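Work through these exercises with the structure in view. Try each task before reading its solution.

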Amino acid sequence: MDFDIPTFWLVVGFAGQALFSARFFVQWIMSEKLKKSVIPVAFWYFSVLGGVTLLAYAIHREDPVFIAGQGLGLLVYARNLWFIWKERQAGQE
């Protein structure tokens with residue numbers, strides 16, 4: 001295992017993982033508050049922020065499996081935000 005990673009990239013990697021993990025806490029807290037399973041909009045924003053940060057880290061590490069996983073996931077997260085945005089726009093008409 002290669003532990004000779006510059007500090008900057010370790011910070012990027014851990015920050016991305018923290019952002020990505022925060023989405024589950026947001027979902028859990030909101031579900032507990034409403035007493036039902038919900039996915040708040042913040043879940044998708046944390047998904048995008050964490051996914052972009054982790055993708056940058058994966059590209060730096062040149063890990064094709066990690067790159068593919070984060071890259072494809074970002075498409076799903078962005079699409080969900082698009083649906084939310086479109087729904088809100090339709091509600092304002």
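**Exercise 1: Fold and outline**

Task: State how many helices and strands the protein chain has, and in what order its elements run.

Solution. Start with the count: the secondary structure consists of three helices and zero strands. Next, read from the N terminus: the order is α-α-α. Now turn to the outline. The radius of gyration is 16 Å, well over the 12 Å that the globule rule gives for 93 residues, so the chain is more spread out than a compact globule. Along the principal axes, the C-alpha atoms fill a box of roughly 50 × 30 × 20 Å. Finally, check the burial: 26% of the 93 residues are buried.

**Exercise 2: Confidence**

Task: Find which helix has the lowest mean pLDDT and which has the highest.

Solution. This is a predicted model. Then go element by element. Helix α1 (residues 7–34) has the lowest mean, 91. Helix α2 (residues 41–61) has the highest, 94.

**Exercise 3: Helix α1**

Task: Compare the reach of α1 with its expected span, then say what its buried residues pack against.

Solution. Count residues: α1 has 28. From first C-alpha to last it reaches 41 Å, close to the 40 Å expected at 1.5 Å a residue. Now list its buried residues: Val12, Gly13, Gly16, Phe20, Arg23, Gln27 and Ser31. They pack against α2 and α3. Two residues of this list also meet through a charge and a ring: the charged end of Arg23 sits over the ring of Phe20, 3.9 Å from its centre. Last, step past the helix end. Lys35 follows α1, and its phi is positive, near 60°.

**Exercise 4: Aromatic rings**

Task: Classify the ring pairs Phe43–Trp44 and Trp44–Tyr77.

Solution. A search of the whole structure gives eight aromatic pairs. Take Phe43 and Trp44: their ring centres are 4.9 Å apart and their planes lie at 85°, so this pair is edge-to-face. Both Phe43 and Trp44 are buried. Move on to Trp44 and Tyr77. Here the centres are 6.3 Å apart and the planes lie at 40°, so the pair is tilted. This pair links distant parts of the chain: Trp44 belongs to helix α2 and Tyr77 to helix α3 (residues 64–91), 33 residues apart. Tyr77 is buried, as is Trp44. Now widen the view: ring pairs join Phe20, Phe24, Phe43, Trp44 and Tyr77 into a cluster.

Technical notes:
Residues numbered from 1 in each chain as written. Predicted model: local features only at pLDDT ≥ 70, side-chain atom pairs only at ≥ 80, totals over all residues. Heavy atoms only, no water. pLDDT = per-residue confidence, 0-100. Helix = DSSP H or I, 4+ residues; strand = E, 2+ residues; numbered from the N terminus. Phe/Tyr/Trp six-rings, centres within 6.5 Å; stacked < 30°, edge-to-face > 60°. Buried < 20%, exposed > 50% of the residue type's maximum accessible area, 1.4 Å probe, protein only. Lys NZ or Arg CZ within 6 Å of the ring centre and 35° of its normal. Expected span 1.5 Å × (residues − 1). Contact = heavy atoms within 4.5 Å. Rg over C-alpha atoms; globule rule 2.2 N^0.38 Å.
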